[in-house]
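Trainee: Before we discuss the structure, may I ask that we go through it by question and answer?

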Amino acid sequence: MKNGRLLSISLPFVAGVACGALCNVSGGVFPLLVITACMAVLTLSKKYDRWLILVMLFALGLFCYSGRCPIAVGNDAFILRFNDVFDRIPFEDGRTAPLLRALMTGDRSGLDRETVSAFRRSGASHLLALSGLHLGIIAMFIRYLLLLLGNSRPAEIVRAALLVGFCLAYTIACGASPSLVRALLFIVLQQVAALSPGRRSSPADRLCLAATVQLSFDPGAITSVAFQLSYLAMIGIVFIAPRLEAWYPSVAEKEINRRWLSAALKLDPLRRIWKGVSVAIACQLTTAPLVLLRFGNFPQYFLLTNLLAMPVCELLLPLALLTLLLGCPPPLVWITNKTAIILLDILGVIASL
């Protein structure tokens with residue numbers, strides 16, 4: 001399905017759910033009557049009426065929100081056991097275990113005030129809020145581990161099933177916050193597309209489908225700040241970041257092949273840095289208005305935080321998971337501890353600016 005068609009389905013439905021949340025709609029009689037009327041007119045009409053479809057989808061969003069019911073998932077016992085595992089690891093620095101607990105399960109209870117303040121002042125509070133970012137990093141690490149299964153068709157199916165199963169279990173165990181669910185849907189849609197030869201799935205497709213599916217099952221999620229920030233950030237990444245990244249001057253492929261050390265030039269570390277800058281700017285452009293409205297502040301050093309702290313965090317989460325999977329070998333414990341301290345030191349320096 002083309003992006004325009006998928007967007008024309010997703011947008012009115014999401015708008016209907018949002019309108020229901022703003023107006024606090026309860027009781028689905030009126031939206032149901034609108035849906036019935038639109039279906040009757042479409043059935044009796046001899047020509048396709050796009051506006052009736054849009055109105056029906058909008059009313060369907062209203063109806064879903066009006067008939068919503070709270071969805072509670074999560075396993076506090078799992079989180080407590082997971083936290084106990086981190087507490088038993090012999091890290092040299094006492095700040096490492098509480099930091100890993102916060103990053104892996106969202107439990108900030110063990111963090112001291114200085115650490116929380118450093119995260120807040122440096123604009124890295126989103127790292128402490130368990131979100132799609134964390135699940136994405138963990139999923140990427142698991143995907144690399146599963147490459148050991150090979151590249152045959154059966155291996156691809158098994159790899160996709162194991163990856164989705166692990167991400168689903170992790171999402172449910174950690175409370176299934178709206179941002180985690182959004183990331184899970186992205187992973188599921190990506191794996192389905194990868195297993196469907198000849199079919200393409202763009203990030204815009206996955207964004208529209210994820211929003212529609214998530215709000216269909218849990219319309220009340222639209223009132224969550226985590227849901228709003230997660231999708232606003234993804235809108236920036238999908239629609240704005242590629243345009244910013246395109247500003248980077250490109251070199252023709254033929255010219256690169258004629259140069260000495262062409263392989264090194266193709267890596268182009270400056271392009272990688274600019275890609276990170278593009279993503280950071282795009283996310284801030286789309287999330288800043290909501291952050292200012294809800295929290296009344298704006299992270300001044302978000303570029304430094306994303307360029308310096310994010311790569312360390314992306315390394316720390318897989319290291320922590322690998323340390324647990326391998327039974328906490330001393331070398332890995334030492335490396336994980338040092339990486340955690342580097343992250344805290346970077347955030348401390350940025351916060352002091």
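Trainee: What does the secondary structure of the protein chain come to?

Mentor: The model is predicted, and its chain has 353 residues, of which 42% count as buried. Among contacts with a separation of 6 or more, residues 24 or more positions apart account for 70%. The secondary structure comes to 17 helices and 0 strands.

Trainee: Leaving aside its neighbours within four places in sequence, with which residues is Leu343 in contact?

Mentor: Once neighbours within four places in sequence are left aside, its contacts are Leu99, Leu103, Ala309, Val312 and Leu316.

Trainee: How are H5 and H17 oriented to each other?

Mentor: Thr96, Leu99, Leu100 and Leu103 of H5 meet a set of H17 residues that includes Thr336, Ala340, Leu343 and Leu344. The two axes come within 10 Å and cross at roughly 80°. Angles of 65 to 115 degrees count as roughly perpendicular. The orientation of H5 and H17 is therefore roughly perpendicular.

Trainee: Where in the structure do Arg153 and Glu156, which form a salt bridge, both lie?

Mentor: Side chains of opposite charge can pair when their charged atoms come close. The closest N and O atoms of Arg153 and Glu156 are 3.8 Å apart, and the bridge counts because the cut-off is 4 Å. Arg153 is partly exposed at 39% relative accessible area, as is Glu156 at 27%. The two residues stand 3 residues apart, about one turn of the helix, and both lie in helix H9 (residues 153-173).

Trainee: Which residue meets Asp93 in a salt bridge?

Mentor: The structure holds 2 salt bridges. In the bridge of Asp93, the N to O distance is 3.1 Å. The partner is partly exposed, with a relative accessible area of 31%, and is Arg95.

Trainee: How many disulfides does the structure count?

Mentor: Cys283 counts as buried at 16% relative accessibility, and Cys313 is buried at 0%. A disulfide requires a pair of cysteine sulfur atoms within 2.5 Å. By this rule the count is 0.

Trainee: Is Ser26 buried or exposed?

Mentor: Ser26 lies in the loop between helix H1 (3-23) and helix H2 (29-44). Its C-alpha atom is separated by 4.5 Å from that of Ser66, 40 residues apart along the chain. The relative accessibility of Ser26 is 64%, and because the threshold is over 50%, Ser26 counts as exposed.

Conventions:
Residues are numbered from 1 along each chain as its sequence is written. Side-chain values use heavy atoms; hydrogens and water are left out. A salt bridge is a side-chain nitrogen of Lys or Arg within 4 Å of a carboxyl oxygen of Asp or Glu. Buried means under 20% relative accessible area, exposed over 50%, partly exposed in between (1.4 Å probe, protein chains only). Helices (H or I, at least four residues) and strands (E, at least two) are DSSP runs, numbered from the N terminus. Contact means heavy atoms within 4.5 Å. Axes are lines fitted to C-alpha atoms, for helices over the stretch in contact, and angles run from 0 to 180 degrees between N-to-C directions. Angles under 35 degrees count as roughly parallel, over 145 as roughly antiparallel, 65 to 115 as roughly perpendicular and the rest as oblique.
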